[in-house]
Each structure stands twice: as C-alpha cells, then as structure tokens.
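Dear colleague,

I am passing on the structure below, and I would be glad if you could look it over alongside my notes.

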Amino acid sequence: MAIRIIVKEPDEVLHKKAKEVTKITPNVQKLLDDMADTMYDADGVGLAAPQVGILKRLIVIDAGDEHGLIKMINPEIVESEGEQFGPEGCLSIPGWNGDVRRAEKVTVKGLDCEGNELIVTGTGLLARAFQHEIDHLNGVLFTEIADRVYEYVPEQPRKELENR
C-alpha cells in the first residue's frame, strides 16, 4: 500500500463532480487501499478520491465504531432522518473547522471492493462522515455549507502545558 498526497483547498479538483466507477479493476481496489492508508496516516475519519486528486466516486471511512473500515464505490444516500449540528473538519482544509448541519442517521448504498451491493446505516459520526465524503464526490466542501467557519487550534495535552 502507499500513502498518497492529500490535495488541499483551493485546488480545483476539490470543486469538481467525480465520475461514477463503471468497472472495478485492480487499480480501483489498490486506490481504495491507498486511500485507507492515507486516511489513517493523516489521522482522519474519512477520505474521498478527489482528495487524492482522482475524480472517481470512491470513499473510505472509519468512524471507530462496529462497522470498522468501510470502502465504498459509487455511494449514494438512499435514506436520511433527524438532524445533528456540530463541528466538522477536513483533511483538505487543515487548521479550519465549521459548524455544519447534517442528518443524524443515513443509509448509504454502493458497492464493495468485489462489486457486491453494500448498504450501511449509520448515526452520529458515521452519518456525518458519509455525508461529508459524498459531498466531496459532488465538489462540495464543508466550508460552503457551514453556519460558521473558524480556525481550529488543537488542545495541547495537559503535560505539555505544565512543562512551559
């Protein structure tokens, strides 16, 4: 596997609609593996192919729940309900967060790496991640739909603060 370079805003590839994957090839499967490695290396929750410069409808997500790593081809939201509102960040827009309104629960349908139908229902962080990554496939960034966008300053561990 390989770590890919994550494309950063304002790269125009992030604002384009990704194309449907019509054939699952070994290259598509390798790209999904590379995307997962890249997401984990960057300490992310999800990654869409446009974020590594490739306009294909591919996402990977790991919300740290019972679903584990999800690799999905041509994902689409088929059901959504409820509402959640909270902070969201993006590996392509480092240092910034935004308060974004999303559905609390979504059901997403797509294909797995072998071309079998894959249907996943998620709530909370998983639902947010699905919506965020599918937005990437449509050329939409969280900064375009956030109620407000603000600089993100990570909390320093208490030990680091005490040693100053």
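What follows is a short account of the chain as a whole and then of its first helix.

This is a predicted model, in which local features need pLDDT of at least 70 and side-chain atom pairs count only at pLDDT 80 or more, while totals for chains, interfaces and linings use all residues. Residues are numbered from 1 along each chain as its sequence is written, and side-chain values use heavy atoms, with hydrogens and water left out.

The protein chain holds four helices and eight strands, taken as DSSP runs (helices H or I, at least four residues; strands E, at least two) and numbered from the N terminus. Their order from the N terminus is α-β-β-β-β-β-β-β-α-α-β-α. The C-alpha trace spans about 55 × 35 × 35 Å along its principal axes. Of the 164 residues in the protein chain, 45% are buried, where buried means under 20% relative accessible area with a 1.4 Å probe, protein chains only.

Helix 1 covers residues 26-41, and because its 16 residues at 1.5 Å a residue should span 22 Å, the 22 Å between its end C-alpha atoms agrees; the expected span is 1.5 Å times one less than the number of residues. Its buried residues are Val28, Leu31, Leu32, Asp34, Met35, Ala36, Thr38 and Met39. The cover over these buried residues includes strand 1 (46-48), strand 2 (58-61) and strand 3 (70-81), with contact meaning heavy atoms within 4.5 Å. Just after helix 1, Asp43 adopts a positive phi of about 60 degrees.

With kind regards

Definitions and conventions: Buried < 20%, exposed > 50% of the residue type's maximum accessible area, 1.4 Å probe, protein only.
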